[in-house]
Amino acid sequence: MTTTIERNGNQLTAHFCGRLDTAAAVQTTEDVKPLLEVEKCDIVLDCSQLQYISSSGLRIFLSIRKEAALKGNKVVVKDINDDIRQVFVMTGFISLFEIE
């Protein structure tokens, strides 16, 4: 699992690649810290290369959303595959995030 963050003006994009499971969650939590610290910036969670997300991964997404809301930032989840969309639907995350 790799996570890279890219800044483009007033937007930060996190690119997730691989399986965001319990084993990858510790490192991913460290990798996304810049998303939790930024203010007045849109955040895009690019999931085009994300193959799987576990409850640990969902917790990371939720913490990003929570911190962003406190700082007035917008979070968009982009390009989820059908399996991840199904997880979002079953867990109610589909209504918590703007999905593109």
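I take contact to mean heavy atoms within 4.5 Å. The model is predicted, so I note that local features need pLDDT of at least 70 and side-chain atom pairs count only at pLDDT 80 or more, while totals for chains, interfaces and linings use all residues. Residues are numbered from 1 along each chain as its sequence is written, and side-chain values use heavy atoms, with hydrogens and water left out.

Entry on Thr 28. I found Thr 28 in helix 1, residues 22–31 (helices are DSSP runs of H or I with at least four residues, strands are runs of E with at least two, numbered from the N terminus). Apart from neighbours within four places in sequence, Thr 28 is in contact with Met 1, Thr 3, Phe 16, Leu 20 and Ile 60. Thr 28 has a relative accessible area of 1%, so I list Thr 28 as buried (buried is under 20% relative accessible area, exposed over 50%, partly exposed in between, with a 1.4 Å probe and protein chains only).

Entry on Leu 62. I looked up Leu 62 in helix 3, residues 55–71. Its relative accessibility is 35%, so Leu 62 goes down as partly exposed. Leaving out neighbours within four places in sequence, I noted contacts of Leu 62 with Phe 93, Leu 96 and Phe 97. Leu 62 and Phe 93 are 31 residues apart along the chain, and their C-alpha atoms are separated by 8.6 Å.

Entry on cysteines. I searched for disulfides (pairs of cysteine sulfur atoms within 2.5 Å) and found zero. For Cys 17, the nearest cysteine sulfur is that of Cys 47, 11 Å away. Cys 41 is buried, at 1% relative accessible area.
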